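Please look through the sequence and the model below before reading on. The paragraphs after it are meant to be read with the structure open beside them.

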Amino acid sequence: MNKLTYSYSGPLPLGSVVAHYCGAAGLTTYKENPMWRLAGQEDEHQYVLSVYRDGQFIAIFTGAHTNEGRLQIGGQLLRLLRTHRGLPPLGDWGTLVGVRPTKLFHKLWDKLGSAEAAVDCLRQQYEVTEPKIDLLQQVATLQRPYVAPNAKADRMVSVYGGIPFCQTHCTYCSFPYGLIQDYKRVPQFVEAFVKDSQHLQRVIAEYELQLSTLYLGGGTPTSLSDADFETIVSSLAELQGPNVTTNALEFTVEAGRPDSVTPHKLRAMERVGVNRISINPQSMHDFILKAIGRGHTAKAIRDLYRYVRQHTSFQVNMDFIAGLPYQTEGHMIENMDYICQAMPENVTIHTLALKRGSPLYEGVGREAMPEEQAVEAMVAYCKGRLEAAGYVPYYVYRQQYMTSQTENIGYTLPGHVCEYNIRIMEERQSILSVGPGSSSKWMRAPEYRQLQQHMPKDVSVYIDTLDTLLGKRSQLCKQFWEG
Ligand SMILES: C[S@@+](CC[C@H](N)C(=O)[O-])C[C@H]1O[C@@H](n2cnc3c(N)ncnc32)[C@H](O)[C@@H]1O
Ligand code: SF4
């Protein structure tokens, strides 16, 4: 019997709710011999969920044949699963299990007319606890100027470019692409990416769109050679129009792995108007970095950060993960000692999520993962320490398989928010994307999700079918801006 696992059979809409609530209770799906078996049924009036544990019938839940009915079943299931795990029936997040809690906050704010009314709803309907409500209210209030309904927002877009390569595979990452050194068609990939960007440039001109932010992520964009990286970053920069270097548009590049960043790449970024980069330690301890397959040292992070501060004017973000194998609260204190001395403009604290398809999920280092309580203590410590140093939280999200009652929080020094992170999280502005595995979403108030296009994850399929994909993008743009 595989502990903390479940399987589900039944109608899809109920299945997606079940997946969210099981994830929130710390369960992962497993087809062979799961501990929990969940069987859904529906008729035109109601949904029914039967729950079995270790082959024994435990409970049956029913709800109306509506979204609310499914959520009601989800709430009952969450209470049952948590109780069986020896936990209180609900945790700090109550029955709120979505990955974007502030998105719900803004929706309630629009519908009910004020932040206070949204707070009441979270308290009463979702049973969210006060510390989480305070966090959501603080973040939503800071974000509000970016997301409040705005008639002119239709023609504002952000652009994401995705580079599907890394140099090694981090054990916690379910990143679906290949290692750059193994891929044989990198020149064709670069050519296709540039063609994709140029198509977007024509779209921006044709529909007179205003660019809001640019973001080059992945994967590891800087895993490309100097020359290929320069070609790619320049092709995205072209979208800013002719005044590239004088333009104040926010333009971020993920330079997550210090062993992939060179002075040439940094100069190329400066030349084309990049003004924010992400250097991601995850941990400042070499034995942990080694255990997670990261392939760089803490010294490499320190050296790169110092170099970037001396030679560029980039704003810097740094990502950390709480809950990595072998990590203790003492390690997290040392991570924050470094941050509070370095003071990058942005810091993101993630909680380790077990992602299906990652080596960690398959067992690599899983036995060395710290207990949930220790992880919660690390996250709480980071929050207190960062706030004492002057950082404020500016975006929040949760992950489906997050075992603890924590969340991922992006912190900023006042006045340095990354607008793109707000745009991608709150989903109120269209984001058009370039590169394999990237998604474009066309948004319009009041529903905010109208059309989407997902590029194939397989790099070779992307290269070989690009003309058809761009044709489809042209159609979607026409439908959205002319329809
Ligand atoms: C989309 S990833 C890309 C960042 C970049 N490729 C890197 O690794 O430096 C953004 C961040 O998410 C976090 N992350 C990735 N996988 C995670 C997981 N399984 N659990 C928690 N955080 C994770 C890491 O902190 C990572 O830097
Ligand atoms: S965490 Fe980042 S660097 Fe590591 S494999 Fe995933 S995308 Fe690549």
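Predicted model: local features only at pLDDT ≥ 70, side-chain atom pairs only at ≥ 80, totals over all residues.

Residues are numbered from 1 along each chain as its sequence is written, chains are lettered from A and ligands numbered from 1 in the order in which they are written, and side-chain values use heavy atoms, with hydrogens and water left out.

Around ligand 1 there are 15 residues, of which Asn280, Gln282, Arg294, Asp319 and Ala353 come nearest; a residue is near a molecule if one of its heavy atoms lies within 4 Å of it. Strand S12 (315-322) and strand S13 (346-351) each supply at least two residues of this shell, strands being DSSP runs of E with at least two residues and helices runs of H or I with at least four, numbered from the N terminus. A nitrogen atom of ligand 1 lies 2.9 Å from a backbone N or O atom of tyrosine 172, and an oxygen atom of ligand 1 is 3.1 Å from an N or O atom in the side chain of histidine 350. Taken alone, ligand 1 exposes 560 Å², and the protein buries 83% of that (Shrake-Rupley method, 1.4 Å probe). The residues around ligand 2 include Cys166, Cys170, Cys173 and Arg294.

Glutamate 250 belongs to strand S10 (residues 250-254). Glutamate 250 is buried and has no salt bridge, the nearest side chain of opposite charge being that of arginine 276, 5.8 Å away. Here buried means under 20% relative accessible area, exposed over 50%, and partly exposed in between (1.4 Å probe, protein chains only), and a salt bridge is a side-chain nitrogen of Lys or Arg within 4 Å of a carboxyl oxygen of Asp or Glu. The side chain of glutamate 250 does reach the backbone nitrogen of tyrosine 420, at 3.0 Å.

Elsewhere, the structure holds 24 salt bridges. Arginine 271 and glutamate 230 meet in one of them, at 2.5 Å from N to O, and this pair links distant parts of the chain, with arginine 271 in helix H8 (residues 263-272) and glutamate 230 in helix H7 (residues 226-237), 41 residues apart. Arginine 271 is partly exposed at 44% relative accessible area, as is glutamate 230 at 22%. Arg100, Lys103, Glu427 and Lys441 are linked in a network of salt bridges.

Notes. Polar contact = N/O pair within 3.5 Å; in protein donor to acceptor, adjacent residues only side chain to side chain. Lys, Arg positive; Asp, Glu negative; His and termini not counted.
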